[in-house]
Amino acid sequence: MKLDTALVLEAQKGGQEGFTKLYQAVAPSLYRTALYTLGNSHDAEDVVSETFIEAYRGLSGLRDPQAFMPWIYRILSARCNRKIRDYVRARNEMDIDEMLQLPGEQSEFSETVLQRTDLLRALQDLSEEERQIVVLSAVEGYTAREIAGIVGSPQGTVSSKLFRAFKKMRKYLEGGKQS
């Protein structure tokens with residue numbers, strides 16, 4: 001997206017009207033990016049709002065108005081990454097005791113609980129970065145290319161880490177705990 005630097009300069013002068021015009025010009029693009037990254041419209045709206053609050057506070061310090069788009073996308077990317085870490089943390093905080101108290105067919109339920117417990121333990125055995133990549137791939141359905149954009153790593157690095165993480169998990173689940 002090409003942005004008229006006059007909008008940035010007008011917003012930098014401190015006028016609320018100038019910043020509103022800048023917001024209107026850029027927000028739809030940022031929203032699409034956040035929605036694609038997060039897959040959730042509510043979280044995408046929140047992240048874009050937080051991005052603009054941070055941009056509003058730091059806009060006066062931006063020296064080159066032509067650098068506005070990369071600058072605001074870096075802010076958006078950092079906000080999206082924080083939200084993704086929140087997703088990963090929330091998934092990692094599943095309460096196993098709660099799962100054990102659910103009603104249902106006891107033998108079938110016990111097997112399901114054991115499988116989930118083993119899977120959670122295998123995930124816990126991964127580094128935070130590996131866990132994030134696995135969750136984004138296996139749970140959220142992102143491709144290696146999409147994950148690379150989210151985490152800010154080259155696609156080849158993401159593919160390698162994903163392969164190694166699945167290998168570690170497989171080894172753990174087959175009974176040879178990987179450290």
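**Note on the predicted model**

1. Over residues 99–107, pLDDT stays under 50. The model has 7 contacts beyond four places in sequence for these residues. Where pLDDT is low, the predicted coordinates should not be read in detail.

2. This is a predicted model, so confidence comes next. The protein chain has an average pLDDT of 78. A score of at least 70 is reached by 79% of the residues. Among the elements, helix α3 (residues 41–58) has the highest mean pLDDT, 92. Helix α5 (residues 96–100) has the lowest, 47.

3. On secondary structure, the protein chain has 9 helices and 0 strands. Its pattern along the sequence is α-α-α-α-α-α-α-α-α.

4. On the chain as a whole, 37% of the 179 residues count as buried. Take the contacts with a separation of 6 or more: 61% of them join residues 24 or more positions apart.

5. Now the pair α2 and α3. The axis of helix α2 (residues 16–38) comes within 8 Å of that of α3, and the two cross at roughly 140°. An angle over 145 degrees would count as roughly antiparallel; α2 and α3 are therefore oblique to each other. Their crossing is right-handed.

6. Which residues of α2 and α3 make the contact? From α2 come Phe19, Tyr23, Val26, Ala27, Leu30, Tyr31, Ala34, Leu35 and Leu38. From α3 come Ser41, Asp43, Ala44, Glu45, Val47, Val48, Thr51, Phe52 and Tyr56. By class, this contact has 14 nonpolar, 2 polar and 2 charged residues.

How values were computed:
Residues are numbered from 1 along each chain as its sequence is written. This is a predicted model: local features need pLDDT of at least 70, side-chain atom pairs count only at pLDDT 80 or more; totals for chains, interfaces and linings use all residues. Side-chain values use heavy atoms; hydrogens and water are left out. pLDDT is the predictor's confidence in each residue, from 0 to 100. Helices (H or I, at least four residues) and strands (E, at least two) are DSSP runs, numbered from the N terminus. Contact means heavy atoms within 4.5 Å. Axes are lines fitted to C-alpha atoms, for helices over the stretch in contact, and angles run from 0 to 180 degrees between N-to-C directions. Angles under 35 degrees count as roughly parallel, over 145 as roughly antiparallel, 65 to 115 as roughly perpendicular and the rest as oblique. A crossing is left-handed if the near helix is turned anticlockwise from the far one by less than a right angle, and right-handed if clockwise. Ala, Val, Leu, Ile, Met, Phe, Trp, Tyr, Cys and Pro count as nonpolar, Asp, Glu, Lys and Arg as charged, and the others, Gly among them, as polar. Buried means under 20% relative accessible area, exposed over 50%, partly exposed in between (1.4 Å probe, protein chains only).
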